[in-house]
Amino acid sequence: MGEVHHHDDEDEYLRSELALLQFSDANFKSPLSPTLFIHIHDEPTTNSGSESDSLSSESEQVQHPKDEWLPITESRNGNAYYAVFHILNSNIGFQALMLPVAFATLGWAWGSVCLTIAFIWQLYTIFLLIELHESASRKRHSRYLFLAMSAFGERLGKLAALFPVMYLSGGTCVTLIITGGGTMKQLFKILCENDNGVQTCSAHSLSGVEWFLVFTCAAILIAQLPNLNSIATVSLVGAVIAISYCTLFWSLSVKKGRPMGVSYSTTLMSQESSVVKISDIMNAIGIIVLAFRGHNVVLEIQGTLPSNFKETSKEPMRRGVTVSYILIATCLFPLAIIGFWAYGNQIPDRGLLTAFTQFHKQQVTKFSMGALYVLVILHCLCSFQVYAMPVFDNLELRYTILKNQKCPRWLRTCLRLIFGGITFFIAVTFPFLPSLAALLGGITLVPVTYAYPCFMWLAIKKPRAKGVVWCFNLVLGCLGMLLSVLLVAAAIRTLADKGLHANFFKP
């Protein structure tokens, strides 16, 4: 009986896979329009043999079009090493350089506690997403939005996840252009100007817009690689660079010593109003929770791994995440703790990148400072590729809906050039977008990272109501939504108090 049951499951899985690969439907809708599910009807056959008799007449729902047509799942020959490269490249970002600013508000104890809780919380939700990637019927959810629609229903899923996922992909690319282009400008200033601001080389300095354009052209040139699996080498470079510059920042901060008059008293001591103190605390917590990112591309990364009846994609993905987060912890915790030790409450609002230039400009050679800036620029270029891929995937999905065929190479190139032009225009129009990171992150990243995975687990896995697992995930999800609301409120209050330097078209 066990063998028959095993054989039936295998036949059902193979039939589902064949249907997914061979079925084409020009009326299939993308997540940006009402979704039509593909219904696969299997007629019973009268052929002799248990293999044919075991396929009963039933209807099975498959949510995705031909995956081999789209850049995220075009190649599914990835492995745990590739997953490590992609996760490190996408998860470690320049936001980590802001962690000592949060410690300046929260202090040693509460800063360490909040950082540890955020790390464990988002690691737990990543493992939930890994489990939800493949359902019991072996259907794979290789896109975060599709999983949300499967868990919450078509309408609610799009309402909850569409804007956050779009912003965390396209919006992150815009932010990377602003950061990368701005760092290029600072790099030129370091190399070609003396301490008095007098240019010492014959090269002409570009404007902010021109530096944004240089960065965008470089990013889109690399983005011509066809699919997510093909940028594994780029992600490897990005991962090595991210670990390198994080290590360099905290190690050089120790080597160069602390500035005079460093104090470790929290900045809250200078505030008298309770409202201001609460707002500052929430902003500091926001810096910590927003330092962990990449949940919106975890399912996409897992979608590049092979899966069969004997071994699903879950095991290599778990190994990849485990290794990645050991390395991430060795980067972020020293950055936060040693960064605060080195600068105390004198840490500038823009974090370690500004602090290092401000306090150690005379102690560090131009070459060393330039090397740090080059590493930041290169990592922005590498991260851009991972976050842009879901956008490319959706653009090509819309084409396959209309034409019922794979997007040709020339059109794929044009779509990516158009995306580069749009992100460049937005970056030039809103160069102050990083100033809104706390507000937009509270709306998008916090629910996607800390809340939705818990609710999707409850909706899909359906654990026993009011059991321990059910209560734990429900409470955790509700706390994630509450955290989102509090961070947004604190960000709005801060913007109302300090104002916003809205330098439209003047990067």
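Student: How many aromatic pairs does a search of the whole structure find?

Tutor: The general idea is to look at the distance between ring centres and at the angle between ring planes. In this predicted model, a search of the whole structure finds 22 aromatic pairs.

Student: Where in the chain do Trp 121 and Tyr 450 lie?

Tutor: Trp 121 belongs to helix α4 (residues 99-132) and Tyr 450 to helix α16 (residues 445-461), so the pair links distant parts of the chain, 329 residues apart.

Student: Is Trp 121 buried or exposed, and is Tyr 450 buried or exposed?

Tutor: Buried means under 20% relative accessible area; Trp 121, at 13%, is therefore buried, and Tyr 450, at 0%, is buried as well.

Student: Which parts of the chain does the pair of Phe 430 and Phe 504 tie together?

Tutor: These two rings, with centres 5.8 Å apart and planes at 70°, are also edge-to-face. Phe 430 sits in the loop between α14 (409-429) and α15 (437-443), while Phe 504 sits in the segment after α17 (468-498), so the pair ties together parts that are 74 residues apart in sequence. Phe 430 is partly exposed at 32% relative accessibility, and Phe 504 is partly exposed at 40%.

Student: Which residues do ring pairs link into a cluster?

Tutor: Phe 103, Trp 108, Tyr 264 and Phe 340 are linked in this way.

Notes:
Residues numbered from 1 in each chain as written. Predicted model: local features only at pLDDT ≥ 70, side-chain atom pairs only at ≥ 80, totals over all residues. Heavy atoms only, no water. Phe/Tyr/Trp six-rings, centres within 6.5 Å; stacked < 30°, edge-to-face > 60°. Helix = DSSP H or I, 4+ residues; strand = E, 2+ residues; numbered from the N terminus. Buried < 20%, exposed > 50% of the residue type's maximum accessible area, 1.4 Å probe, protein only.
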